[in-house]
Amino acid sequence: MYAIHYYENKTYVLNRACRTVPSINDIVKIKGRTGKVISVLMIRENVYHAFVEFEPVVDKSKTAAKDFGKKKKR
């Protein structure tokens, strides 16, 4: 088992015990957010730091507010 510590822009996100180490360009899902592994550093024999870039979060309330002003056709 490997201890994988995930970071986003030098911000600690999560640590997870996994059987495999993620490789570069792997797609990971952490806390409901999908992201891509940018780099992986080996700290010790079984401890790794994985740097992740997450997809931008889309605020659904702003898109819903645009459609709220329109009347529905019946």
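## Strand pairing

S39 stands opposite F51, a residue of strand β5. The model is predicted: local features need pLDDT of at least 70, side-chain atom pairs count only at pLDDT 80 or more, and totals for chains, interfaces and linings use all residues. Residues are numbered from 1 along each chain as its sequence is written, and side-chain values use heavy atoms, with hydrogens and water left out.

Strand β5 covers residues 47-54 and pairs with β4 in the antiparallel sense, over seven bridges. Strands here are DSSP runs (E, at least two residues), numbered from the N terminus. Two strands pair if DSSP finds at least two bridges between them. Four residues lie between β4 and β5, and the two strands form a hairpin.

Strand β4 (residues 33-42) also pairs with β3 (residues 27-30). That pairing is antiparallel too, with four bridges. The hairpin of β3 and β4 has two residues between the strands. There, K31 takes a positive phi near 55°.

## Around V28

V28 lies in strand β3. Its bridge partner in β4 is G35. Is V28 buried or exposed? V28 is buried, at a relative accessible area of 10%. The cut-offs are under 20% for buried and over 50% for exposed, with partly exposed in between (1.4 Å probe, protein chains only).

Which residues does V28 touch, not counting residues up to four places away in sequence? They are R33, T34, G35, V37 and V52. Contact means heavy atoms within 4.5 Å. V52 is 24 residues from V28 along the chain. The C-alpha atoms of V28 and V52 are separated by 8.4 Å.

## Aromatic rings

A search of the whole structure finds three aromatic pairs. Y7 and Y12 form an edge-to-face pair, with 5.5 Å centre to centre and 65° between the planes. Rings of Phe, Tyr and Trp (its six-membered ring) pair if their centres lie within 6.5 Å; planes under 30 degrees apart count as stacked, over 60 as edge-to-face and the rest as tilted.

Y7 counts as buried, at 18% relative accessibility. Y12 is partly exposed, with a relative accessible area of 42%. Y7 and Y12 form one aromatic cluster with F51.

## A charge over a ring

What sits over the ring of F54? The charged end of R33 does, 4.2 Å from the ring centre. The criterion is NZ of Lys or CZ of Arg within 6 Å of the ring centre and within 35 degrees of the ring normal. R33 is also among the residues that V28 touches.
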